[in-house]
Amino acid sequence: MTAPLAEVLDGQHAADLRKAARALLKHPLLLARGRYADEFRLARRHAPELREWFDRNTGWSLQVDAETARLRKIPGVLTDPTHPAREASRRTAPFTRRRYVLLCLALAALERGEAQVALGRLADQIVLDAADPRLTATGIEFALDRRDERLDLAAVVRLLLDLGVLRRVAGEEEAYVAGAGDVLYDVERRVLAGLLASRRGPSTVHAETLDDRLAELVAETALDSDELRFRAMRHSLTRRLLDDPVVYYDDLTDAELGYLTRQRGFLTARINELTGLIAEVRAEGIAMVDPDDDLTDLRMPEQGTHGHVTLLLAEHLAGAHGPVTLDELALRVRELASQHGGFWSKSAREPGMETELVEQAVARLTALGLVSRAPHAVAARPALARYAVGETVIREPGSAPVPPQRKATS
């Protein structure tokens, strides 16, 4: 029997709304052109509903115009260091403090500049701005006359290309890094203007410590009533359920835990309705699992040598009794290389590589909420138990057999 037309249309509307919401969660800056043009059109079509949902449930604002859709996301945990910026098109190292400073200086220079800019000219402006005594007092200096400094600037520019702030007109960054050429870009000023996602201008923040500065950047109105305090908790918890692979109860304040205990069904149902994520509830916390294994920027397991090493170390840590030192993990990798090295890349089997393999594996496991890290040791967190050898995982009805995933953020 054919379904009524109204039912078909309602189903298509819900599917398009979900696709648009998932696209914004994965790529909070969508452009009318490029590889996400279809998703942008859906986000623009459903902007009123999406804007209302994100504002009510997360406190994130959604700005949509003819060229861009920008979801101004604020993390649930401001001090989480496990999601650094990277160039989307390359398997490169995460952004360091120097690269973040370069990024801010480049954005400031582009904001003051013209509709086109050469990379050499941009570099000159950055060098001038970096001479500010307040910046040099922090130990950050840029001359951009060394190859490693030019590599950092090239990484920043490629990130801006990925975001759509710049469009390459002529030249290649490799030539600039080698000192053998320059690159010309168009500056997309509307995209540039929408990049900042803070609630107040950074120049108006006067706190001394990093944690306090971050808090001031995104501070909401004074929470001087129960209604406002409950709203702030709803926003914070929904952000964490959307963005974090696992929300552990012992990471929450007493007030947050009490609110989540009372409102868990409502919060997870709202998220499921919009995104399709399924709540997996355990004694230690909640994970919103994606049955499509798409709404994530880190997967576990993952193909390749690093993915294999990470999975093997996860099994080892899941069976450990207490914290394991990094040296012990390096020794374990050497043992694993003798058993599995034939499946690994040649470089991974070279002497001394175990330290780098451990570092990358621990970074991934930490970002996925599977381990906690101290300066010289690693301890398993409850969600890692599913990787124990012989572990039988019991899930709630309707949940998917997918491990915790790091949700995409920007």
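**α4 against α5**

I started with the α4–α5 contact (heavy atoms within 4.5 Å): L102, L105, A106, A109, L110 and R112 in α4 meet L122, Q125, I126, D129 and A130 in α5. Sorted by class, I get eight nonpolar residues, one polar and two charged. For the classes, I took Ala, Val, Leu, Ile, Met, Phe, Trp, Tyr, Cys and Pro as nonpolar, Asp, Glu, Lys and Arg as charged, and the others, Gly among them, as polar.

Ground rules, before I forget: this is a predicted model, with local features needing pLDDT of at least 70 and side-chain atom pairs counted only at pLDDT 80 or more, while totals for chains, interfaces and linings use all residues. Residues are numbered from 1 along each chain as its sequence is written, and side-chain values use heavy atoms, with hydrogens and water left out.

Next I looked up the geometry. Helix α4 covers residues 97–112 and helix α5 residues 119–130; they pack at about 110°, axes 9 Å apart. Helices here are DSSP runs (H or I, at least four residues), numbered from the N terminus. The axes are lines fitted to C-alpha atoms over the stretch in contact, and angles run from 0 to 180 degrees between N-to-C directions. I therefore put α4 and α5 down as roughly perpendicular (65 to 115 degrees). The crossing of α4 past α5 is right-handed (near helix turned clockwise from the far one by less than a right angle).

**α2 against α3**

Then I checked helix α2 (residues 37–45) and helix α3 (residues 47–57): their axes come within 5 Å and cross at roughly 75°. So α2 and α3 are roughly perpendicular too. A43, R44 and R45 of α2 make the contact with A47, P48 and L50 of α3.

**R240**

Buried or exposed, I wondered about R240? R240 is buried, at a relative accessible area of 10% (buried is under 20%, exposed over 50%, partly exposed in between, with a 1.4 Å probe and protein chains only). R240 lies in helix α11, residues 226–243. Skipping residues up to four places away in sequence, I found R240 touching G76, V77, V247, D251, L252 and E256.

**L257**

My last stop was L257, in helix α12 (residues 254–275). L257 has 29% relative accessibility, so I logged it as partly exposed. Beyond neighbours within four places in sequence, L257 contacts Y249 and L252. I also noted that L257 and L210 are 47 residues apart along the chain, with 26 Å between their C-alpha atoms.

Key
Helix = DSSP H or I, 4+ residues; strand = E, 2+ residues; numbered from the N terminus. Parallel < 35°, antiparallel > 145°, perpendicular 65-115°, else oblique.
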